[in-house]
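Visitor: I am new to this one. Could you show me around, step by step?

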Amino acid sequence: MLRNAWVIPALPVLSFVLILFFGKRLPGKGHELGLAAVGGALVLSVVALVQWVDRPADFEVPPAGEHAAATAGEGEHAAEEGEHAGEEHAEEGAATDDHADDEASTTTAATEEEHAGDEPATTVAAAGDESLSEDERADAEVAAEEAAAGEEAVAAEDEHADEAGVAASAEDEEGGHGAEAAAGEEEHHAEPIRRPVEREVVWFSSGDVEIKAGTRMDGMAVILVFTVCLISFLVHVFSTNYMHDDRRYTHYFAALSLFTAGMLIMVTASNTLQLLFGWEMMGLCSFMLIGHWWEEKNNSDAALKAFLTTRTGDIGLLVGISILFVAAGNTFDIAAINDAALSGAIGRTALVAAAAALLCAVIGKSAQFPLHTWLPDAMAGPTPVSALIHAATMVVAGVYLVARLYGVFWEGFDIGAGGINPVALAGGVTVLIAAALAFVQSDIKKVLAYSTVSQLGYMVMALGVGAWTAGLFHLFTHAMFKGLLFLGAGSVSHAVHSFDMKKEMGGLKQHMPTTFKTFVIGSLALAGLFPLAGFWSKDEILLGASANGYQLFLVVGLIGAFMTAAYMTRCVYLTFFGEYRGHGHPHESPPAITVPLVVLAAFSVGAGLLNAPGIALFSEWTEGATTIAAGVEHHDFSIGVALLGSLMGLAGIGAGYAYYWRNLGPHRLTERSGAALSGYRILENKYWLDRLYTDMVVGGIKGPVARGAYWVNQRIIDGVVNAVGIGSRAVAQFTYDVVDQKLVDGVVNGTGVGAEEGGSALSVLQTGRVQQYAAFLFGGVVLLGGALVLFA
Amino acid sequence: MYLNQFLFLAAFLFCVGVYGVLARRNGVLVLMSVELILNAVNVNLIAFGAFHETVVGQVFALFVIAIAAAEVGVGLAIVLLIYRNKHSIDLTEVDLMKG
């Protein structure tokens with residue numbers, strides 16, 4: 001599955017096309033196709049995840065210093081060759097591994113022996129290939145390339161003899177873990193990782209440059225593919241009920257499929273060009289989905305805003321990719337770019353420029369300050385869309401970009417050095433600014449939107465402070481609980497037909513018990529309470545910030561944790577506690593809506609344990625060559641930081657509890673204090689950023705541009721058009737007057753007149769007198785005869 | 001044998017013939033003048049034939065005489081018809097083909 005990872009994005013693409021063509025004729029109006037495709041992709045992603053986990057970790061990457069030394073001078077060539085050969089073998093090994101795994105899962109212990117007896121070839125091949133890749137590694141270390149082929153063959157046979165003696169069941173186990181154990185026994189300076197599975201085809205080539213298309217499955221990609229498929233599948237299930245009577249139900253599912261496909265293409269991409277393709281696909285689909293109810297102008301405006309704002313950042317992506325393409329030696333390959341950046345092959349200036357340009361893209365797509373304004377407006381789309389866009393897919397694309405091209409950011413912004421760098425700064429500012437805005441929203445989805453912006457800030461900040469794994473881990477856990485919260489908000493709105501917490505909600509605890517329970521679990525996970533998912537990921541970020549020398553961002557993170565807990569408490573209170581303020585009778589949602597909530601709630605509880613201290617599976621799975629080569633540090637769990645983070649979360653919840661339940665604290669402060677009121681006004685107007693963009697930036701550009709365009713239109717374009725017109729007219733007049741009237745007509749008339757005049761002149765000669773004719777004849781003969789006599 | 005006497009005679013006959021054809025108005029006389037021209041040619045042919053001691057000249061002269069007879073036959077018939085229509089054989093009056 002890892003080698004055939006292209007199937008996973010291909011499924012939703014296929015379902016997109018099929019839904020568009022046949023959706024309306026199907027009994028479910030197309031949702032069955034979407035469900036089947038994304039469900040299939042989910043199953044395949046689980047298979048991929050399992051295979052990745054079973055994959056032997058036999059690939060070593062020297063850390064930063066040694067890496068640079070190895071790639072310098074002549075060693076470079078040998079190392080490259082070794083890598084190449086090793087990859088091929090590893091792929092073969094993976095293929096046969098799969099086979100072995102399948103057998104192990106489908107047959108019992110008794111039949112396994114039979115298998116081993118009947119088909120010794122397959123198991124031997126698996127064992128042989130494993131030994132090859134181990135051997136390969138040893139070869140690479142001693143740099144004895146030339147003898148590789150021969151030794152491999154011998155080793156394979158040896159292995160064959162050894163393995164044959166062992167019991168069949170043991171053999172199968174060996175297929176999964178033998179190599180790991182063997183690798184552990186040997187002494188190495190670095191911990192081996194799983195080798196990424198690459199598969200590429202040449203898309204087209206131009207001169208020496210080969211543009212490839214392919215997949216690169218490593219831990220990060222596998223985890224993200226799983227996350228995206230899971231959230232997308234649950235959103236599909238949720239939508240079948242939530243969007244049931246929608247007039248564009250079929251198109252909605254088509255767009256949902258394409259959106260999922262875009263994200264999957266992006267995360268599996270092996271090169272930046274393909275990444276860009278998926279990235280832009282999502283931009284397009286977000287436009288379609290946010291503006292799904294385009295009959296209302298607000299919604300289509302929001303869709304346009306999301307599209308244009310992210311587009312502003314996308315310029316940076318294009319520029320960054322172009323710079324990296326040239327600087328890394330005419331390649332779009334992500335691994336090659338990272339290697340080039342880390343080994344110093346890319347110049348300092350180009351690296352900083354590329355990192356800055358890419359950061360622009362991240363700020364646009366991942367809604368970082370100051371381009372975050374599109375995300376809250378994007379709540380105009382249907383709620384499941386919000387869950388998909390803002391939990392698992394589009395907005396984390398920016399975070400994924402940073403994590404993917406981490407070498408570029410690491411070197412470009414000196415992330416390892418501590419202090420302050422642009423990535424961490426963008427994230428840190430976003431954390432606080434967005435969290436503050438979440439306090440003044442009365443729309444439940446807007447609260448979640450600002451919360452998302454704030455959490456994205458966390459992720460970017462984590463990557464900025466060098467806590468790569470923590471950033472990615474937070475992305476993973478956040479997808480679970482934020483997807484849960486959005487779907488919960490959707491469930492609430494399904495009951496009360498509104499998103500307004502202050503006017504239409506309150507007291508829903510009794511009416512919607514399942515939604516209430518799951519929503520509280522999501523909120524607590526978001527607030528970072530032990531032992532829910534958010535606790536572990538947030539703790540890792542704080543730990544990374546404190547241990548990597550980013551004390552400032554530790555403080556930012558702690559304040560953010562406090563604010564997150566407090567605004568989520570407010571949100572839960574306003575929605576589920578107190579008196580019901582709406583009208584009608586709210587009721588619990590049907591299973592199509594509550595089941596996804598329960599599933600996500602389970603993940604919100606359990607996902608964090610994946611990287612809990614002592615388990616740390618997540619970092620083992622995801623960390624790849626780039627992070628190791630860069631020298632991203634691991635830090636041991638610190639009880640102090642964990643306590644501090646939890647305390648801030650508890651304090652936030654406590655503050656919210658005291659304010660809303662116990663009615664303590666400065667209520668009606670805005671009416672008494674001018675400073676508080678002006679602070680509230682700032683938040684209410686979202687720091688006037690929208691005003692800044694629409695009036696000053698857009699208005700300031702629009703006026704002169706429009707005037708300039710008008711001037712250009714009137715003077716230059718019209719001038720050119722008029723000049724062309726006048727010129728054409730003059731040429732035509734000349735042609736008519738001179739060429740046509742005089743020349744052509746002259747020739748025609750002249751021919752006629754000439755013929756007529758000639759005829760009448762000659763007719764004088766035709767007297768009808770025979771004798772005269774005879775005289776002419778005679779005269780002519782005389783003349784001819786004379787000429788003959790004279791000249792012949 | 002002297003050739004030039006025959007040539008002079010032929011030239012004289014030819015000139016008389018040409019004059020007759022161009023100057024006379026009577027159609028019969030014009031036909032007769034044509035005969036003079038043809039006979040001038042005959043004299044030349046026979047003279048050259050005798051001069052070169054060959055019969056070719058005489059053969060050609062016989063052809064000319066035969067065709068001249070036919071020509072006169074046709075010509076006199078035309079003149080007769082003109083006379084029937086116009087009661088005149090003055091060629092200057094026959095200008096129906098005037099352009």
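Visitor: Over how many bridges do strand 3 and strand 4 of chain A pair, and in which sense?
Guide: Strand 3 of chain A covers residues 197–206, and strand 4 of chain A covers residues 209–217. The pairing is antiparallel. The number of bridges is nine.

Visitor: Which residue of that hairpin takes a positive phi?
Guide: Two residues lie between strand 3 and strand 4 of chain A. One of them has a phi near 65°, a positive value. That residue is A:Gly207.

Visitor: How many helices and strands does chain A have?
Guide: Chain A has 792 residues, and 48% of them are buried. Its strands number four. Its helices number 34.

Visitor: What share of the contacts in chain A joins residues at least 24 apart?
Guide: Take the contacts in chain A between residues at least 6 apart in sequence. Among these, the share that joins residues at least 24 apart is 81%.

Visitor: How confident is the prediction for chain A, as an average pLDDT?
Guide: In chain A, 78% of the residues score at least 70. The average pLDDT of chain A is 76.

Visitor: Where in chain A is the pLDDT below 50?
Guide: One stretch of chain A falls below that value. Beyond near neighbours in sequence, the stretch has 112 contacts in the model. It covers residues 65–189.

Visitor: Why is helix 16 of chain A described as largely enclosed?
Guide: Helix 16 of chain A runs over residues 383–392. Among its buried residues are A:Thr383, A:Leu388 and A:His390. Helix 16 is largely enclosed by the rest of the structure because its buried residues number ten of ten.

Visitor: How many residues of helix 26 of chain A are buried?
Guide: Helix 26 of chain A spans residues 551–576. From first C-alpha to last it reaches 37 Å, close to the expected 38 Å. A:Gly578, with a positive phi near 75°, follows helix 26. Helix 26 is largely enclosed by the rest of the structure, because the buried count among its 26 residues is 21.

Visitor: Which residues have the most contacts inside the largest nonpolar core?
Guide: The largest nonpolar core has 204 residues. The residues with the most contacts inside the core are A:Val225, A:Leu358 and A:Val402.

Visitor: What pattern does chain B follow along the sequence?
Guide: Chain B has 99 residues, of which 14% are buried. It has zero strands and three helices. Read along the sequence, the pattern is α-α-α.

Visitor: Is B:Val94 buried or partly exposed?
Guide: B:Val94 is found in the segment after helix 3 of chain B. B:Ile82 is twelve residues away in sequence, and their C-alpha atoms are 8.2 Å apart. A buried residue needs 20 or more other C-beta atoms within 10 Å. B:Val94 has 19, so B:Val94 is partly exposed.

Visitor: Which class has six residues on the side of chain B that touches chain A?
Guide: Ten residues of chain B are in contact with ten residues of chain A. On the chain B side, two residues are polar and two are charged. The class with six residues is nonpolar.

Technical notes:
Residues numbered from 1 in each chain as written. Chains lettered and ligands numbered in written order. Predicted model: local features only at pLDDT ≥ 70, side-chain atom pairs only at ≥ 80, totals over all residues. pLDDT = per-residue confidence, 0-100. Contact = placed C-beta atoms within 7 Å. Nonpolar A, V, L, I, M, F, W, Y, C, P; charged D, E, K, R; others polar. Buried ≥ 20, exposed ≤ 12 C-beta atoms within 10 Å, placed from the backbone. Pairing = 2+ DSSP bridges. Core = buried A, V, L, I, M, F, W, Y, C linked by C-beta atoms within 7 Å. Expected span 1.5 Å × (residues − 1).
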